[in-house]
Amino acid sequence: MAIAKAERLMNLALCLLGTRRPLSKRELRGSIEAYMEAGNDESFNRMFERDKDDLRELGLVIETVENLDGETGYLARRDSNRLPPVSLDAEEAAALGLAAKVWQQARLAGAASGALQKLRAGGMPEAEDPYEGQHSAIEPRIPVHEAAFEPLMLACRDRRPVVFDYRKSTAARPETRQVEPWALECWRGHWYLAGYDRDRGAERVFRLSRITGKVRSRAAKYTAEVPDVVTVRETVASWAGESADRSALIRLRAGAGYPLRAKATAVREGGGGGGDGWDELEIPYGHGLDAWLVEFGPDVVVVGPADLRADVVDRLRAVAGA
């Protein structure tokens, strides 16, 4: 069975690499013996989709093109699947080994390990691992708990539009979003996707933990140009008030809101007077602070400025009325 599948994958790869125009499923089925022997269309479609995904996992760049008749075709351009010789010194090899360790608790653990094995088989030097045999209290890790991470990572790699349901921090129900994904990045322990929102006609950043249900990919071309540099962290930092130029005064329930306390420039315990269990904090005030404060619910009361207080109240009323 393993030999038969390997032969089928090899034949499919040769067909896609050898064609000058996109080949439809019908044409591929008529060119590969294993596909011709498939019992029915449903069996062939399942087999073909698995094979196509397997080839992409192996690194083959397969393009999906729609012809004038609306029929979907596939091809793998040689210039997109040709890499220069890989040449790494010992320090670069050590850096890659450390990077692979970062993904040990994530869904990319297998892919990272497989990539290292391929590079070593191609002549990459075996670098001495400075962490081997040590049980350090601090180790590099990137946790990935969101189910949306893997399909979005593949969609970014293959340049495929996606559709998913997304719940904003101020909304009680999710909305369907059609997005052309650009890049994924981890910032302050959370994963974010940057891309082009087709419905809004603009760049948007989405927090993966707020994506509900499955991420569905679409076989279509991007309608917006992908920027050379996607500044996910800078965008999220701006929305989170990291580029603040003012100060806000809030009251925070004692023992709550530790992320807010970490950002505070001044803290007065029992700031309301009378030891009522509330502290008074001064925190940087920038774009997006209102959305962040809403997440702490009844543990936060905004004292000022007035426009921030009004924005927080409006967001709370929107959630309560949804």
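Lys-52 sits in helix H4, which spans residues 41-57, where helices (H or I, at least four residues) and strands (E, at least two) are DSSP runs numbered from the N terminus. The model is a predicted one, in which local features need pLDDT of at least 70 and side-chain atom pairs count only at pLDDT 80 or more, while totals for chains, interfaces and linings use all residues. Residues are numbered from 1 along each chain as its sequence is written, and side-chain values use heavy atoms, with hydrogens and water left out.

With a relative accessible area of 6%, Lys-52 is buried; buried means under 20% relative accessible area, exposed over 50%, and partly exposed in between (1.4 Å probe, protein chains only). Once its neighbours within four places in sequence are set aside, Lys-52 is in contact with Leu-12, Ile-62 and Tyr-74, contact meaning heavy atoms within 4.5 Å.

Side chains of opposite charge can pair when their charged atoms come close. The structure holds 23 salt bridges, a salt bridge being a side-chain nitrogen of Lys or Arg within 4 Å of a carboxyl oxygen of Asp or Glu. Three of these pairs are listed here.

| Salt bridge | N to O distance | Relative accessibility |
|---|---|---|
| Arg-200 and Glu-175 | 3.2 Å | Arg-200 35%, Glu-175 37% |
| Arg-198 and Glu-180 | 2.8 Å | Arg-198 29%, Glu-180 0% |
| Arg-315 and Asp-290 | 2.8 Å | Arg-315 24%, Asp-290 13% |

In the salt bridge between Arg-200 and Glu-175, Arg-200 belongs to the loop between strand E6 (190-197) and strand E7 (202-207) and Glu-175 to strand E5 (residues 175-187), so the pair ties together parts that are 25 residues apart in sequence. Arg-200 counts as partly exposed, and Glu-175 is likewise partly exposed.

Glu-180 and Arg-198 also meet through their side chains in a salt bridge, and this pair links distant parts of the chain, with Glu-180 in strand E5 and Arg-198 in the loop between E6 and E7, 18 residues apart. Here Glu-180 is buried, whereas Arg-198 counts as partly exposed.

The salt bridge of Asp-290 with Arg-315 links distant parts of the chain as well, since Asp-290 lies in helix H10 (residues 289-294) and Arg-315 in helix H11 (residues 306-321), 25 residues apart. Asp-290 counts as buried, while Arg-315 is partly exposed.
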